[in-house]
Amino acid sequence: MSEATSKPQTPNADLEWDERGQPISAQFGDVYFSKDDGLAETRHVFIGNNQLPERFAALSAGQQFVIGETGFGTGLNFLCAWQLFEQLAPADARLHFISVEKYPLTHTDLERSLQLWPELAELSAQLLGEYRAIHPGFQRLTFANGRIGLTLMIGDVLEQLPQLDAQVDAWFLDGFAPAKNPQMWVPELYSQLARLSAPGTTLGTFTSVGYVRRGLIDVGFAMERTPGFGRKREVLKGVFNACSLNTDKPWFARPQTPAKNRHALVIGAGMAGCATAASLARRGWQVTILERHSAIAQEASGNPQGVLYLKLSAHHTTLSRLIVSGFGYTRRLIQRLAKGVQWDDCGVLQLAFDDKEAKRQAQLAEAFPADLLHVLDQPQAQEQAGVPLSSGGLYYPDAGWVHPPALCELLSTHPNIRLQLHEEALELRRQAGQWQAWNQKQLLVSSEVVVLANAAQIRQFSQSSELPLKRIRGQITRIPATDNSRALKTVLCAEGYVAPPRNGEHTLGASFDFHSDDVNITPAEHISNLDLLREISTELAQRMQADQLNVETLEGRAAFRCTSPDYLPIVGPLADAERFANTYAALSKNARKVPNKPCPWLEGLYVNSGHGSRGLITAPLSGELIAAWLDNEPMPVAADVAQACHPNRFALRALTRKQG
């Protein structure tokens, strides 16, 4: 598992406010926009110099347009582009706005800044509604029923842009002035702009500094000075005329998936399947979900309470960065549910019972921003939890619990989604450019595209039988809340977890059994869950009358998590395993010698599985990742994270391990 070269830092922007209520960066001693008229400046420098009115109006039905920006700041440029897109683009066209920001504004400062633009108030309110859990790395926000996508890359531009997998149509270079922020305006930045551009990609920037213009020319942009705005005499605009270099390894390159009818079949109606269907449906795909049970969310996604628990690494591994990005996406998504019944941001407290765990938590607190996680001592933790505790711990203030079936219901309820229940696909056949899903005797559905999201059952299909997925049984215990146990205010975690009551019940869990294939509830695992509760808080166990409970009659639920050997989900397009091994056989002798051969894809076949106990956090964002693969959109995660989740990683490792 790869690690980031340095730990992300996300200090918020340090703002000062002038006499007119306009923000000034204390870090850079520079303004965020023209003091004369920031809105008019944006429309002149970025909207006009990229010819966006004409280009938006000329988009075809269903076409997408991608804007890249350096410096999100107050979001003014994004809101102006969004407003114009709504006015001029076809109703089913889509806008992707990608922006890098090292010092994101706090929610309070963003709200104060956007009050300066009353004509953008409606869009500003939507941005503010989604502007939460803005943590290090890639954060995907969606608006207008998915028509507008915003990807914020939180961190240094020279660390974030190399991880972007996208093709940009227009650039807004809006970092602070080169004299104030020289470390950004460097050749490494210009090279990344060229990598992400295509012939015809345009660029606008407020600066006219000579070394910036020459640097952009050196990488292939034809630049010209043009009249500036207000008191600024000149600005720059340009067009990319070169060919960007494709440095993708062929086994991670995007397959061409021509889908004339834009119909997709998703097999499995758990969290991964419903999330994938939702992401595709928002993009205009007609989606059929095939589910063997009588309703959605009948297996691991059917528990009454799932915890938004972030198991992170201070080394910022790919899994850790996926979790941070996925947490943000899910956290914004669940706000559409009914708070208190279907979700609650009550916080999650990971208790520290020994010095080793306390040391690990201290390292995490050093590695991540405090609004994501911070350490509480014993009195603080006890106050936060509302029940007696023997230790402090690591607190995630924006986390909590979710009712997974409600989230699956939200995701699967779309006019473009059709559910077919009580139908189990046992075989996939390829006929005349279509995938056919068959049960033992009958054709169930035909489709150009199939996404396998039925957990470990994926291995029953010959095309995906070699994916190393394994099942882990887990059992939760449901305990009626008492008057005294209702004092619990936050989710408590140690080896197990206990959640505040939902509908008069606490959820305890969860057991791990790598060997059992039985879905029946067992008293032994209830006993184990009650023991985990006592480890969390003896007093809370007494308040829940744990010693008086009859484990033979306790309610609970057992299901199977599905995980991979490296604990990363498996998300992306599938290749033909035998042809893959033959095509890249040379890697078994020299892993550095990349054969210049296209990957033998199984055209139109994708997988979204292996989320383990993190499905609430990783599956919804993985639905966006599948949609990005299929529609050739900007990836919602860093490139190395997408590659680390790619199904081909296992076949690639098998080849390279044969060296010598």
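The model is predicted, so to speak of local features a pLDDT of at least 70 is needed, side-chain atom pairs count only at pLDDT 80 or more, and totals for chains, interfaces and linings use all residues. Residues are numbered from 1 along each chain as its sequence is written, and side-chain values use heavy atoms, with hydrogens and water left out.

The protein holds 19 helices and 31 strands, where helices (H or I, at least four residues) and strands (E, at least two) are DSSP runs numbered from the N terminus. With a radius of gyration of 26 Å, close to the 26 Å given by the globule rule for 660 residues, the protein is as compact as a globular protein of that length; the radius is taken over C-alpha atoms, and the rule is 2.2 Å times the number of residues to the power 0.38. Along the principal axes, the C-alpha atoms fill a box of roughly 80 × 65 × 55 Å.

The protein exposes about 26,500 Å², with carbon and sulfur atoms supplying 47% of it, by the Shrake-Rupley method with a 1.4 Å probe.

Turning to the strands, β14, β19 and β15 form an open, antiparallel sheet in the order β14-β19-β15; two strands pair if DSSP finds at least two bridges between them. Because β14 (306-307) and β15 (343-344) stand at the edges with a single partner strand each, one side of each is left without a neighbour in the sheet. Two bridges join β15 to β19 (residues 401-402), and Asp344 has Trp401 of β19 as its bridge partner.

Strand β29 (residues 555-563) is mostly covered, with eight of its nine residues buried. Nine bridges join β29 to strand β25 (residues 470-480), and the two run antiparallel. Here Thr477 has Gly556 of β29 as its bridge partner.

Finally, helix α8 (residues 210-218) has Gly210, Val212, Gly215 and Leu216 buried. The cover over the buried residues of α8 includes β8 (168-173), α7 (187-195), β9 (197-205), β10 (221-227) and β11 (234-240). After α8 comes Gly220, with a positive phi near 120°.

Methods. Buried < 20%, exposed > 50% of the residue type's maximum accessible area, 1.4 Å probe, protein only. Contact = heavy atoms within 4.5 Å.
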